[in-house]
Structures are given as C-alpha cells and as structure tokens.
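Please look over the notes below alongside the model.

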Amino acid sequence: MTQTLHHFIGGERVVADTPVESRNPSDTNEVVARVPNGGEEVVNAAVDAARAAFPAWSQASPEVRFDLLDKVGDTILRRAKELGELLSREEGKTLPEGVGEVGRAGRIFKYFAGEALRRHGQNLDSTRPGVEIQTYREAVGVYGLITPWNFPIAIPAWKSAPALAFGNTVVIKPAGPTPATAAALAEIIYECGAPKGVFNMIFGSGGMGGKLVDHPGVDAISFTGSQLVGRKVGQAAMARQARVQLEMGGKNPLIILDDADLERAVAIALDGSYFATGQRCTASSRLIVTDAIHDRFVAALAEKVAALRVGNALDPNTQIGPAVNQEQMEQSYNYIDIATGDGGRLVTGGGRLKLDTPGWYVQPALIADTHRDQRINTEEVFGPVASTIRVKDYDEALEVANSGEFGLSAGIATTSLKYARHFQRHMRAGMTMVNLATAGVDYHVPFGGSKGSSYGAREQGFAAVEFYTQTKTSYSWS
Ligand code: UN1
C-alpha cells in the first residue's frame, strides 16, 4: 500500500504539489510513499510556525512537556510491530532490527519525558557576602534537525525528544530515502497533542536542508550524516553564529588479540560489521588482528559471513536486508573492487546477488590481507563489507586503530584485563567497547565521537542537556 505524505507545519498537514516516490529496497516494484518535495517557502513557513510556538512552549510547566513525551513514547512502543514493519519495508533492515529500532525510539521519548522534570540548575555560594548565585538551564529557541536514513525513527527521536523536553521547538528535515517512517513519528506527536507549531516536519531534497541551516530564525542545528555534508553545515551555522552539533562518519576498528575468546570475537565482528547491512556509522569496518590468532579468526569469520542469509527485509529468515538504494549498493561493490585492486584478498562474498524480488542486495564481503593505509581502511563504506589488517601485537594494533581521521566507536576482543583497561584509556574514540560490537548503543547514555567523527556537544542521555539548553547565571543580593 502506497502512503501519501504531507509536510507537518504549524499543526496542519500541508499537501505537496509535486510529490516524489520512495521505494522498497527489498522490492523496487513497490512504492512505499509519495513524498512532498518542498523548497524555501516550506522552510520559511515551518520556521515561522516554530518561532511562534516557542514562547508558550518554553514557558509551559515541565509537567506538560513530560506528559506529551511520555504519551509519545507509550504510543510508539504500543505500535512497535507495525511501525517496525514500515521501517523495514522502507529502509531495508530486517524486521527484528526494524522493530528493535522503533522500541529504542519509544524508550528515548520516555527517558526525555523524565529529563523534562529533572532539575538541571544549581545554587552556588558567591565569593561576596550577601550574594546568591543560581544557574538555570534555559530553552534556546528553534532547533533545525537534519536526520539520516539509516535510523529513520531513532535518530529523529533522539534529536527531537531532548529539544522538546527542554522547551525548544523543532523543524525537522528527514532524509530522502525513509520519509514514511519519519512521517509516522510526526503523526504520533500530533495525535498525542503537541501544541501547534511545536514540532514541524518538512520533506525535500538536500538543498532544503541548506535553506534550513541558513535560516536566521533557526537558533541551533543538529545534523547526522556524511562528513562531506556535515562540514558544510558546520561552516554555514558558524557563519551566522548558530549553535551546531554534527555526527558524521566512522571507520571503526575492532582489535582481536591472541588471547581473545575466538567465538566471542567472531560473534561481535559479525554483528558489528554486517548486521543492519553494515549501514551504521558505528559499524566495525577495520578488523585489526594479531598474528597468532589471525588465520583462525579469518577462517571462522569467513564461514559465518558466507552463511549469512541475505534477502527481503520482511522475510523472517533474512539476516541481512538490502542496501537502502542503488547508490549505496554500488558504493559497497565499488569499495570491494578498490580493496582487491589495492592487493586485498577477497575471502568470501562480494558477488552480485539476484533474488526473487528486484532489490539492492549486496553479498556480504570479507577482505583479508589489506594494508592499514589502503582506501578500504581509511574511507567509510557504509555497507556489509569488512577488511582485516594483520599486526604483530597489541601495541601495533592500538597504533593502527588510532590512525585515520575518524574516532567514533572502537572495540577490542581480549581476555586480558591489562589490555582492555589500557585500550579504554588510550583509544581515541568517543565510545569504546570491550568484548562487545562497536555498533548497538544504549539509549540513555552519551553518544558521539572524537576527531573527524563528531563536532560539538554530545548527544543523548544526561549529556543532551548541554546542547539543548543554554545556561543563565543569576546573581542576587538581599
Ligand atoms: C548504534 O550503533 O546503535 O547513524 C547507533 C548512525 C549512528 C547511530 C548508531 N548515529 O549509525
């Protein structure tokens, strides 16, 4: 069934004149949604609506904000199965992954409902007699949110829930390939009683995101996407002194040491590198393996990778769904060619797949014997492709892991407390994982990277208050 989507502006569903189609990547004959393709006028209307709603929303009792977010969270959780199916139909991750992501979105709203009630200010003693100091965490204004297609409901949730919880209003532009899942979130927020203009969602091409970033009525921008676009967003925001937060790529290393539990190491490499079709910025894509375990690890992982069932995202037997679109599929195949052209050995996968339904399927690939500085080990692939790098010991492994421009997530498989602790302290990444996959994070703790992966304050959990509020320091004498 094809849905017809609308913009959500100022409490109204705004019909589009020239809709574009969004298709199911597991079966490209199926049109999932017809989507508005807005431009500058739509951006202006949405920002005006958000500005008009800001004074009342920012002054509303925190209990009002709690009630809305809590209800949104409950509704999402109640509808997780149906929304998860829509997500999988539209994005291509498997049904359990789709339903799981929807659950995460619901939990995020519940978490930030609580944050709305928590006291984030402080009382401090002045250095001067008779003077009292308070700090308040105040709402900032209108937040422009630009979200990616790979987590089409969880990332809109983790940006909009804290924005709303702390009294800001929102204009969100979701990514082109996954509009129906995002629109379902907007419908829920409306149905749960969000006041007019507090939450606005607009659809359009990449150029529309640029208009949102440049709009003088937008006080702050949070972006998740590629590094290329993220840098432009950052520069444009900075040019007019808007607050900005960027979450961009990763080239996440997973170190496997000689003393690792082999079965565990293979399981976390398989999960981190291939699940969700490798389309996670936290995916493990560089497997850095020490000499004594290298051949056993590569053989054991290759066996598991070769056995992965690739297919229609909605088929219960499927373990790996398709790429989101043709471009992403071709990107994986291109990088496999680049890696083998640079001397890598294709251990398994990489062939083109023809299945019952026409879709953007990629045969998961493992490439061994790659060099640390090859393009396959420095550029983000964003597909079910991983490469291994052989190293002699932990010190070399850490040095390789710390090379490159990204620093989002990093993992190590080891039974050694000494190496695990050293790694936690000396790995330059925003998130470190010991005997856990680099991808798959909790929803109630900070998320973000170092080096080229992220810019600005951390997202999620107790850290979100930094970006979504501003501090006022109040002095009084009596
Ligand atoms: C996860 O690994 O659970 O776009 C989340 C991404 C990240 C989210 C990853 N911002 O892939």
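Predicted model: local features only at pLDDT ≥ 70, side-chain atom pairs only at ≥ 80, totals over all residues.

1. Residues are numbered from 1 along each chain as its sequence is written, and side-chain values use heavy atoms, with hydrogens and water left out.

2. The domain assignment, automatic or from a database, gives domain 1 (3-248 + 444-477) and domain 2 (252-434). Contact (heavy atoms within 4.5 Å) involves 32 residues of domain 1 and 36 residues of domain 2. The domain centres, over C-alpha atoms, lie 31 Å apart.

3. The two domains bury about 2,500 Å² between them, 57% of it on carbon and sulfur atoms. Buried area is accessible area (1.4 Å probe) lost on putting two parts together, summed over both. On the domain 1 side, Ser-26, Trp-149 and Lys-451 lose the most, together 24% of what that side buries.

4. Between domain 1 and domain 2 the count is 1 salt bridge (side-chain nitrogen of Lys or Arg within 4 Å of a carboxyl oxygen of Asp or Glu).

5. The second largest pocket holds about 480 Å³. A pocket is an open set of points on a 1 Å grid over the protein atoms alone, where a 1.4 Å probe fits, with protein on both sides within 12 Å along at least five of seven lines; lining residues have an atom within 4 Å of a point. Of its 23 lining residues, Arg-65, His-120, Tyr-136, Arg-137 and Glu-138 are closest to the centre.

Key:
Points joined across faces, edges and corners; volume = space filled by probe spheres on them.
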